[in-house]
Amino acid sequence: MLKQIEGSRAVAEAVAMCRPQVICAYPITPQTHIVEALGAMVKKGELNAQFLNVESEFAAMSAVIGAEAAGARAYTATASQGLLYMSEAVYNAAGLGLPVVMTVANRAIGAPVNIWNDHSDAMSQRDAGWIQLYAETNQEAADLHIQAFRIAEELSTPVMVCMDGFLLTHASERVDLPGQAEVDAFLPPCEPRQLLDPDDPVSIGAMVGPEAFTEVRYLAFERMRQALEVIPAVEADFGAQFGRGSGGLVKLYRTDDADLIVVALGSVLGTVKDAIDELRDDGMRAGALGITTFRPFPAQAMRDALGDDDRLRRLVVLERSLAPGAGGVVTADIRTALAAGDSGPRHAIVRTVVAGLGGRPVTRDSLCRMLASAERGELPAFSFLDLDMGLVAGELTRIRATRRSGPSAENILRDLVGRA
Amino acid sequence: MFQVRFHGRGGQGVVTAAELLASAAFREDRHAQAFPSFGSERMGAPVTSFCRIGDKPIRTHEPVSEPDALLIQDPTLLHQADLFAGLRPDGYVLLNSARGFSELGLGDFAARHRGDRLLVVPATNLALTHLGRPLPGAPMLGGFAALTGAEDLIGLDAVLAAITDRFAGEVAAGNAAAARAAFDFVTGQLEAVTQHA
């Protein structure tokens, strides 16, 4: 049913139709609306689930782990510092092979405190052993949650559905939400691979020493390899049943004759597509590759999508997070993927652009300017979109001039006020 | 694509108003996107929200920097922030006030702007009369439907349907009555402006 609906509400309705039996909630902006809506449904009796208000994110993930070990379909959501706070348990959920589904409403990580959107939170957990899916639109966010439960339970591997905080969670957009019977037909009841049952006791979470730890970890690697097959299969099933494309590994936009391709994750792809249309009107052959599945990293799918053609000369990777001391998280995986295979565009120059940190808008105008400079060969290997170099220079000067230069964030804020 | 920016204060329903406009547009089979300015909102603090309406899916997620219309829910913001930043030439402006532009210190601006695109509506007063609470969102939207009538953007019926879908009982009825009264008020103002011209 087509609705004009807030992204968080759409996700809550999609999750509810997946019939979670346990929902753990601890509030953190910008995720809160999702679990609030689910809590209201449980209270009204519309959703038959245990709704646990827990004392922290660490408790939220721990309770979800317990519920999954007891055979329940369990769900939670978090963001930013909340994801960091539960990090130890995040690794445990994956290590134990429990098919948790969690929404991450992507938000920056402090300090400085910042409630706005970027991908720093989810990227910090990229090697936790979870499948990570990134939604481009609220339609896709809703659809990905329905797919996530199936993927997670088929593989006994947790899935993190990442949706941009505020940009998606707080945006009212048109979303086609399926009916309960359709979701039931797509998502069978959870059949756990392992189960804590008093009548048939097993232990889960034993200590494993050097004699077998590598082998257990290898299985995590193997599950991710299988995920590269399961995710497209679930995407195909979903498409066949619901009649729209959502999910999968990667997606392409106007790449057929492109000599420049932008690689991005999440909602910024929408603005990227608008920029590409504008640049194409000006005669530039630009396209985009969206990464829907970031973990496992779809190296082969990406190489296949980009093709062997030497026409592709430039890849511009938009990073919504920063790896200080290294550069871009996504770029590193793309370089590895391009180097690993004997297919794919071998001669493409890769450029990294860090954009939209802590909620700075990524505008079509800025993207067009940046991509035009990439086309002219003027974009450096690593750069920041719309960086205010004047502000940075002021603080660098202060640091050089004075030992006790003070806290940089506050200095920069004061400089900004002084400018106005 | 038609882009609207809302200005008001926390607690005045600025975000709800943008969502209601998107919902009304959806009812007229248009694509719409509404979202708040993202911040730690609190009662009384300046709040901005946005709404885009178009005939194709709306893909961008950047804030509206060049609005086709401004809905200013709180006139006390006029001298605190540059509310008119980026407004398209001859864009639509609807201001919640029982006073005129000259009284509000906007005489020069009003003299330069198209008269049929720059109007005031006493939205808070209408809300107090019909709803009993100083929430100007619904009457602003009723006024907006009248102000942009020539654009064939959004009808009063769609606004009223969005309101009754969002609220229930007396709250819905009060908001709808305020929106209708604002629609009539702005329609009357427009007729006066047109006759004067």
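What is the order of the six strands in the open sheet of chain A? The close-ups below start there. This is a predicted model, where local features need pLDDT of at least 70 and side-chain atom pairs count only at pLDDT 80 or more, while totals for chains, interfaces and linings use all residues. Residues are numbered from 1 along each chain as its sequence is written, and chains are lettered from A and ligands numbered from 1 in the order in which they are written.

**View 1. The open sheet of chain A.** The strands line up as E9-E11-E10-E13-E14-E15, with mixed pairing. E9 and E15 (382-384) sit at the edges, each pairing on one side only. From one strand to the next, the twist averages 20 degrees. Strands (E, at least two residues) and helices (H or I, at least four) are DSSP runs, numbered from the N terminus; two strands pair if DSSP finds at least two bridges between them.

**View 2. E14(A) beside E15(A).** These two run parallel, joined by three bridges. Look for Thr352(A), which stands opposite Phe382(A) in E15(A).

**View 3. Helix H12 (residues 329-340) of chain A on the sheet.** H12 touches E10, E13 and E14, and its direction makes about 145 degrees with that of E13(A). Such angles run from 0 to 180 degrees between N-to-C directions, with axes fitted to C-alpha atoms (for helices, over the stretch in contact).

**View 4. Leu249(A), in the loop between H9 and E9 of chain A.** Leu249(A) counts as buried (20 or more other C-beta atoms within 10 Å, placed from the backbone) because it has 24 such neighbours. Pro298(A) is 49 residues away in sequence, yet 6.2 Å away in space, C-alpha to C-alpha.

Methods:
Buried ≥ 20, exposed ≤ 12 C-beta atoms within 10 Å, placed from the backbone. Contact = placed C-beta atoms within 7 Å.
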